[in-house]
Amino acid sequence: MKRERSPGLKLLFAALVGAALIIPLIMVYALVSDRQHQARIAQNSIVAGWAGAQVIAGPVMVIPYTAERISNEEIDGRTVTRRVETREMLFISADTQRFDTVINPDIKTRGKIYQSVIYDIGMEGLARFKMPADLDRYGVTQEQLLLDEAEIRFPISDPRGLQTDAQLIVDGAPIELRPGMGTGSSDSGIHAFFDWSSAEDVELEFSYTLRGSSTVSMAPSGNETNWNVRSDWPHPSFSGGFLPTEDTVEIADAGFEASWSISNLALGQSLVSKGMRQLPIDDQSGGYSDYVGESSATESPMATIRLVEPVDLYSRVDRSVKYGFLFIGFTFLAFLMFDIVGGARVSAAEYLLSGVGLVLFFVMLLAFSELVGFAIAYLIASAAIIGLITAYSAAVLGSWRRAVVIGGMLIGLYALLYVLLNLEAWSLMIGSILLFVALAGVMYATRQIDWSNVNNSDDEEPEPPVEEAART
C-alpha cells in the first residue's frame, strides 16, 4: 500500500525544486549581461568611423612668458648657483562665454539588432577675455608676458568629429584655425595664433560643426558660462555635476530645449592657471573624470546631455529576470494548493518541468526583443509560455477547469510584470502588496490543514478498527 506524503513534506519538495531553479535563472541573467556587452561592442564599432561621446569646453587664452629659475650645480666639489631663463605658459579662461548649440540626432544601425545614437552639433559661441588685474598673485608681471605669441585654444575630446566649417573671428577679424594644441596632454582640439600686444579686452566669435555619439558634455570654465541647447530628440537625460536651470527645460515629442548658467564661484577654480587642465572624459555611464590641473584637488565637473534610446531592451529584460522567482513561486504555490486542498497529486518532476518552462520565457523574451522590439517580444513569449503551462497543467491537475485557473493566474502575473517594468517608481510598492495578498490567501486556504498529518492514498484500503480486529 502506498502512503501519501504529508502537506509539510509536499511544501518542502516544492521549495527545493524552486530553489534548484535559481541556477537556470542565474544563467539567464548572465546571458542577458553577455548580450548587453556584445551590443555595446557592436555600438562602439558602429560609431568607430564617426566619433565618440564629445566633451567640449570654452576657449582658453594661452600666453607664454619668461621666468627666471635658480639652479644649483656641483662643479669641482663646489655648489654653483645659476639663474636660468625659462619659457613657461599661462592659461587664462574667458571672463564670460556663451554657447548656442543645436543637436541633430540620428540612429545608425548594423544588421537588425544593433543600433547607436549619433548626432551632428551646430555650435556658435561668444567669449570675452580681459587681462587679469592680479597677475602678481601668480608671480608673473605683465612685462614678462609674450603677448604677441598668444594662442587661443579650443579643447575638444574627439577632434575626429570636427567638420571643415570651423570659424574664429577676433574683434571682427577672421583668424585661421589649426588642428591640435588642446589644453590636455593629448593636444585634442583646435587652436589659433593671436597677437594680444594691446592687452585690451578682446571678444571672440566662433562656430563649428561637430560629430559625436550618445552624449555631449560641456566642461564649464571662466567667470560665467551660459550654455543653450535645443534638439529634436525627445528623450534627453541630464546628468553630470551641473543640471540645467529648471525653468528653461522643455521636453516634448518634438524635441527639447535647456539652458545652463554656471558661475566661477560654483567651479571653485581660478581664471588663471600655470598648469594645463586636461579635458574631462565621459566614461559612457553618466560619470566623468575631473579636470587635472597643478594638483589633484583642482576639480571641475561637467554638464552632460545623454541622448537616451526610448527603449533600452537589455535593461528591461534584465529587470524582468529579477522577477523570475516571483513567477515560479506563484505557479508552484497554485500547484501546491490544488495538491493539498484540491486533492490533485503533483510530483517533483512536474514542478520542475513547469519551472523550466517559466524560465524559458526570459530566454524567448531576450531573443525576440533583439529582433522585433520589447513589447511585441513580451507578447509572443508570454503567450507561448502561458499556453504551454496551461495545457500541461490540465494533464498534471487532471482538470481543464483547474488549468484555466493556472492560465488566468499567469496572464495576471505577466500583465502585472509589464506594468511594473513601465512604472519603475511604483514597482516595489505594487510587488509588496501583491506578495501580501498572496500570503493572506495561502494562510486562509490552509488555515485548517494539519501540515504534519500523513493520509493514505485514495487506492489504499483502510485498516479495520482495533476492536473489530480483536473480535475477528
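A residue is called buried when its relative accessible area is under 20%, exposed when over 50%, and partly exposed in between, with a 1.4 Å probe applied to protein chains only. By that criterion Tyr378, at 5% relative accessibility, counts as buried. The structure is a predicted model, in which local features need pLDDT of at least 70 and side-chain atom pairs count only at pLDDT 80 or more, while totals for chains, interfaces and linings use all residues. Residues are numbered from 1 along each chain as its sequence is written, and side-chain values use heavy atoms, with hydrogens and water left out.

**Aromatic pairs**

- The structure holds 14 aromatic pairs, a pair being rings of Phe, Tyr and Trp (its six-membered ring) whose centres lie within 6.5 Å, with planes under 30 degrees apart counted as stacked, over 60 as edge-to-face and the rest as tilted.
- Among them is the edge-to-face pair of Phe361 and Phe362, with 5.0 Å centre to centre and 75° between the planes.
- Phe361 is buried at 0% relative accessibility, and Phe362 is buried with a relative accessible area of 1%.
- The ring centres of Phe361 and Tyr378 are 5.5 Å apart and their planes stand at 90°, so this pair is edge-to-face.

**Aromatic cluster**

- Phe361, Phe362, Phe374, Tyr378, Tyr414 and Tyr418 form one aromatic cluster.

**Charge over a ring**

- The charged end of Arg211 sits over the ring of Trp50, 4.0 Å from its centre, where the criterion is NZ of Lys or CZ of Arg within 6 Å of the ring centre and within 35 degrees of the ring normal.
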